[in-house]
Amino acid sequence: EARAQPEPSGEPEAKRPRVDEEDEDEGPAKTHGRAVPQRLDCPYLGTINRHVLDFDFEKLCSVSLSGENVYVDLVDGKYFQGRGQDTHAYRHALEKGHYVWMNVLDSKVYCIPDGYEVVDKSLEDIKYNLTPNFDEEEIEHMSTKVQYAKALDGTDYIPGCIGLNNIKNSDYQNVIVQCLCTVIPLRNFLLAYQPPKERKPDPVLSTLAELFRKMYNPRNFKGLVSPHEFYQAIGKATSKKFYAKQQDPVAFFSWLMGYLHRKLKSREGSSMIHDVFQGEVQVKLCSATDEARVTESKEKTLLLTLQLPDEPLFKDNLDFIPQVPLFNLLEKFNGEKPFETIAKGGESREIRRYSLRRIPPYIVFIVKRFRNNNFFIEKNPTIVTFPMKGLDLRDYIHPDCQPANPETKYDLVANVCHDGKPEKGTYKVQVFHHPTSQWFEIHDLRVSQVLPQMVVLTESYVQVYQRQDVKTDGEFGKFEMPIPEISTEVETGVAAEIEMAPEDLAEAGIIIG
């Protein structure tokens, strides 16, 4: 027998409130069993204002500051939460008469309050600017194909050689990001990086990859990029050590490389960072009182620190600026030049001699310009003259290790310099743009072409050299010839690249092992 249907309610069906899926504060994937209607002929597409759209900043609701289920108003560029009747986006749409909205996660465009999805090809440029992406062929030809682009306001810019906004003294972060753009294997990896969907993406890695894609976006609405999301992720990950104040770019580079290595390393312990930057240095250590007892060790490092000679006390005239060739500084690694250090307690003195064992595809030199003299930080203004192409490091490689390093010539690709006083100055960077084979100076938002002869005259602080066997698609030779082992090892914790105590390594910006 048929079972009687229960009465749903005492009210007539016509008077019961109807619950549409627009009334729920839902995400784009939750349709509650009800498909969102689509329309091709939205009458409000003409109200979209592309000049005010800015997808560089954090996608947070302007009222609730929540990052869940956020939509951007395509008329005034503001972010609000939700799509249902009791949401901030719905109220803003009715108050201001702004009816075209886009979900910041899946780039779907909706008409609020009508509740239908807008399907129109004219919105593709907005969706691409929200999430730029590149295929394998585009990434492979990124270093050879010359691209020029024009912003909506008529500004000309070169994708990949674009100014970064300075957010509260963040020029030290901007110069490191610009340097990493010249490292072809790392750049190609970040342009193609997609965060894993099975777990929560790492905020620093995902925002850095997104920043790289925006810097290389040929259809950018603006001729600049604001690294706001990356800046916030860095501040949160470092407990605001690198946040809202001037810092040392070397310390930031050291922290960032160590962080990316931990996130990207495989089960064998290697990573893209170590494949590109990690070299090996041999250290001969002996006591100053007994130089006959020599202990040899090897240390892995991502940076090579170069010591500047002291500034002369008595100058011939007031306009005198001392100069020194880079080869004089590289004599530190000839295996014979002694470096004497005093232990922190002052009880003993040690002498170290350095030589290179393995040189990486990209080598980073740090010119040690700043010194703390217990009262204030002083800066050495000595100009370092260096070759732009063909820097040969063969003379600084240990004789036993030269067969394992067949390619020893390097070309300069990035040069970070410091202008001004030690604590109040600013950082700028000169980068080599591979497609046009030209040098550009980038100082925050200002990008200008410079002559190679002018790059040599700056107060260099960080230099990135690229080995000549690195190809335009990022491939480089991996030499598998084993390096002969050394006889003895010293205990771990002895720094190869710096003459100071281990607790000072963070400020000096040295990564060991």
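A salt bridge is counted here when a side-chain nitrogen of Lys or Arg lies within 4 Å of a carboxyl oxygen of Asp or Glu. In this predicted model, local features need pLDDT of at least 70 and side-chain atom pairs count only at pLDDT 80 or more, while totals for chains, interfaces and linings use all residues. Side-chain values use heavy atoms, with hydrogens and water left out, and residues are numbered from 1 along each chain as its sequence is written.

Glu210 forms a salt bridge with Lys214, with 3.3 Å between the closest N and O atoms. The two residues are four apart in helix H6, and are therefore separated by about one helical turn; helices (H or I, at least four residues) and strands (E, at least two) are DSSP runs numbered from the N terminus. Glu210 also meets the side chain of Lys59 in a salt bridge of 3.9 Å, N to O. Because Lys59 sits in the loop between strand E1 (38-39) and strand E2 (70-73), whereas Glu210 belongs to helix H6 (residues 203-215), this pair ties together parts that are 151 residues apart in sequence.

## Exposure of the residues involved

Relative accessible area is described with three words: buried (under 20%), exposed (over 50%) and partly exposed (in between), using a 1.4 Å probe and protein chains only. Lys214 is buried at 6%, and Lys59 is buried at 13%, whereas Glu210 is partly exposed at 22%.

Glu280 and Arg357 form a salt bridge in which the closest N and O atoms are 2.8 Å apart. This pair links distant parts of the chain, with Glu280 in strand E11 (residues 279-287) and Arg357 in strand E16 (residues 349-358), 77 residues apart. Both Glu280 and Arg357 are buried.

Through salt bridges that share partners, Asp54, Asp56, Lys59, Glu210, Lys214, Lys222 and Glu229 are joined into one network. The search of the whole structure finds 21 salt bridges.

## Packing of helix H6 against helix H4

Helix H4 (residues 171-181) packs with H6 at an angle of about 70 degrees, their axes being 11 Å apart; axes are lines fitted to C-alpha atoms, for helices over the stretch in contact, and angles run from 0 to 180 degrees between N-to-C directions. The two helices H4 and H6 are therefore roughly perpendicular, a word that covers angles of 65 to 115 degrees.

Val177, Gln178, Leu180 and Cys181 in H4 meet Leu211, Phe212 and Met215 in H6, where contact means heavy atoms within 4.5 Å.

Conventions:
Parallel < 35°, antiparallel > 145°, perpendicular 65-115°, else oblique.
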